[in-house]
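Subject: Handover of a structure

Dear colleague,

Please find below the structure that I am handing over to you. My notes on what was found in it follow directly after.

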Amino acid sequence: MLSQTGGSILAARLATRGDSGWAINLGGGFHHAWARGGSGFCVYADITLAVAHLRSDFPEVAQRVMIVDLDAHQGNGHERDFLDDDNTFIFDAYNNRIFPGDDFAAGAIKAAMHTGSGRLARDDGYLGELRARLERAMNDFGPQFVVYNAGTDCLEGDPLGRMHLSEDAIVARDEFVFGACFERGIPVMMLLSGGYQASNARVIARSIENLDAKFKLGERRARSRSGTDDERSASR
């Protein structure tokens, strides 16, 4: 977990480097941990730490941060850490009928989508509502950086998430979040967070391959490296 926490801090830095605008940590997303404690399999508050490092090292591009938490569980850890922070906008779509049920932490959520039952727990209702609500939140808040907690425990059959999304819906969800960020020129860091089935690895791989195909992630990274190298050469 400590290495994955370091990975989240590194991913945040990489997402702001040059003009690539993205990074993915193949771990992290310990959204039940906060600065003073942990719970629910989460020990280190990697989301809080990543945001703190960004604001310390890159204050010009990371003052206004949006956390988009689409894990099936409420992200009560980072919510506790950012309760009184007007520069952090938390969008949390979660099953409100399962752990952790932290009403105190929920006070930090600026936009909530409860997915515990009915149409919002299934593909069509979930994706349509997510698009409408997240677009509105991004337009209203105007973030400079997005932390995307992309848990896959909302897949059909997950014993802890208890939602009913298909693998196709997860792929479409991730594509929408990245697309919304890229359209606005907002750097995005993706964390994998929860998921408790053997099929999670498959859908995560599918989704990242789709993101690369749709948005040319590798080319973006290569251009960013080239630009950074040119700047270093010019400064010598």
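**Findings**

Just after helix H4, Gly142 takes a positive phi of about 65°. Helices (H or I, at least four residues) and strands (E, at least two) are DSSP runs, numbered from the N terminus.

This is a predicted model, in which local features need pLDDT of at least 70 and side-chain atom pairs count only at pLDDT 80 or more, while totals for chains, interfaces and linings use all residues. Residues are numbered from 1 along each chain as its sequence is written, and side-chain values use heavy atoms, with hydrogens and water left out.

**The sheet**

The order of the 6 strands in the open sheet is S1-S6-S5-S2-S3-S4, and their pairing is parallel. Two strands pair if DSSP finds at least two bridges between them. Strand S1 (22-25) and strand S4 (109-114) are the edge strands, each pairing on one side only. On average, neighbouring strands of this sheet are turned by 10° against each other, direction ignored. Such angles run from 0 to 180 degrees between N-to-C directions, and the axes are lines fitted to C-alpha atoms, for helices over the stretch in contact.

Strand S2 (residues 65-69) is joined to strand S5 (residues 145-149) by 5 bridges, and the two run parallel. Here Ile67 stands opposite Val147 in S5. S2 also pairs with S3 in the parallel sense, over 5 bridges, and Met66 stands opposite Phe89 in S3.

How many residues of S3 are buried? The count is 7 of 7, so that strand is mostly covered, where buried means under 20% relative accessible area, exposed over 50%, and partly exposed in between (1.4 Å probe, protein chains only). Thr88, Ile90, Asp92 and Tyr94 point one way from S3, whereas Phe89, Phe91 and Ala93 point the other way, and all are buried.

Helix H4 (residues 123-141) lies across S2, strand S3 (88-94), S4 and S5, and runs at about 175° to S3. Contact, in these notes, means heavy atoms within 4.5 Å.

H4 has 19 residues and reaches 26 Å from its first C-alpha to its last, close to the 27 Å expected at 1.5 Å a residue. The expected span is 1.5 Å times one less than the number of residues in the helix. Among the buried residues of H4 are Leu127, Leu130, Leu134 and Met138. The buried residues of H4 pack against S2, S3, S4, S5 and H5.

**Nonpolar cores**

A nonpolar core is a set of buried Ala, Val, Leu, Ile, Met, Phe, Trp, Tyr and Cys residues joined through side-chain atoms within 4.5 Å. The largest such core has 44 residues, and those with the most contacts inside it are Met66, Leu70, Phe91, Leu134, Val146, Tyr148 and Phe178. Helix H5 (residues 167-184) supplies the largest share of this core, 9 residues. A second, separate core of 20 residues includes Ile47, Val65, Ile109 and Met189. Leaving aside neighbours within four places in sequence, Val146 is in contact with residues including Met66, Met138, Cys181 and Met189.

**Helix H6**

The 17 residues of helix H6 (residues 199-215) should span 24 Å at 1.5 Å a residue, and the end C-alpha atoms are 24 Å apart, which agrees. Which residues of H6 are buried? They are Ser199, Asn200, Val203, Ile204, Ser207, Asn210, Leu211 and Phe215. Seen down the axis of H6, these buried residues fall within an arc of 135° (taken from the directions from the helix axis to the C-beta atoms), so they line one face of the helix. The face turned away from the buried side carries the exposed residues Ala201, Glu209 and Ala213. Just after H6, Lys216 takes a positive phi of about 55°.

**Loops**

The peptide bond from Phe99 to Pro100 is cis, with omega near 5°, and Pro100 lies in the loop between S3 and S4. Arg162 is in the loop between S5 and H5; its phi is near 55°, a positive value in a residue other than glycine. At 53% relative accessibility, Arg162 counts as exposed.

Yours sincerely
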